[in-house]
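Hi,

Here is the structure you were expecting. Please open it alongside this note; my findings follow below.

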Amino acid sequence: MSEYVDKKECYTLFRIWRTLKQMCNDRGYLVLDEDMVITLELWKEKFGDKPVTDQKPQRKELNFLVQHKDDESDRLYVFFPDNPTVSTDDISSYFKKMQEGSVKRGIIAYQAKITPMARTGIQEMKPAYILEQFTELELMVNITEHQYVPRHTVLSDTDKAIILDRYKMTEEQMPRIQESDPISRYFGLMVGQLLKIVRESPTAGRYVTYRICMN
């Protein structure tokens, strides 16, 4: 029974960790190629294969820090809370680590829930510090790899201005995507950022649309 529990937990942690590595890469952060395609067996060799019976690995050992490829001051922390319920003490420790490292953005991959007080603490730290929250279930699958999800690219402010000028449109006139949309959350979109969406069409070839992130 214990062997089954360890295997199940290992698989869960592996899928979550790899999805987060892919997410960071898609956001423009520097990630090793091997981390994005790592197999379960190699992952277990790296971290351990008894997370339940021997705490190898502990969740906190999966935490990582990444740096943006275009801006070395833009860094992001990813946290794996050990406790199923994330408390204010957990949140305080994450913000302390972020402040000590001059990191303004982070992600929590939590197991069960975040207490109301902890959520309040996260909100109170905005906009100086942003701590995104994803459940483990949300991270079991990389939603951008689904066959029916078109390719999305977050445009720079310069490219956004070019698109708005090309189509003679204001931000208010652009098609919208909610900040709470799963795709927006995957890319960590902020209000005002523009997404380029490329769909493959059997008749038109490639069909390009744009959506701006709004509340």
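One caution before the details: this is a predicted model.

I start with a strand pair. Strands β4 (residues 105-110) and β6 run parallel. Six bridges join them.

Now the whole sheet. It is open and has four strands, in the order β1-β2-β4-β6. The pairing is mixed. The edges are β1 (64-67) and β6 (130-135). Each edge strand has a single partner, so one side of each is left without a neighbour in the sheet. On average, neighbouring strands are turned by 20° against each other, direction ignored.

What packs on this sheet? Helix α1, residues 2-26, does. Helix α1 touches β1, β2 (75-79), β4 and β6. The direction of α1 makes about 15° with that of β1.

Leaving out residues up to four places away in sequence, Lys-97 touches Tyr-77 and Phe-79. Asn-215 is 118 residues from Lys-97 in sequence. In space, the two are 29 Å apart, C-alpha to C-alpha.

Best wishes

Conventions: Residues numbered from 1 in each chain as written. Predicted model: local features only at pLDDT ≥ 70, side-chain atom pairs only at ≥ 80, totals over all residues. Heavy atoms only, no water. Pairing = 2+ DSSP bridges. Helix = DSSP H or I, 4+ residues; strand = E, 2+ residues; numbered from the N terminus. Axes fitted to C-alpha atoms, helices over the stretch in contact; angles between N-to-C directions. Contact = heavy atoms within 4.5 Å.
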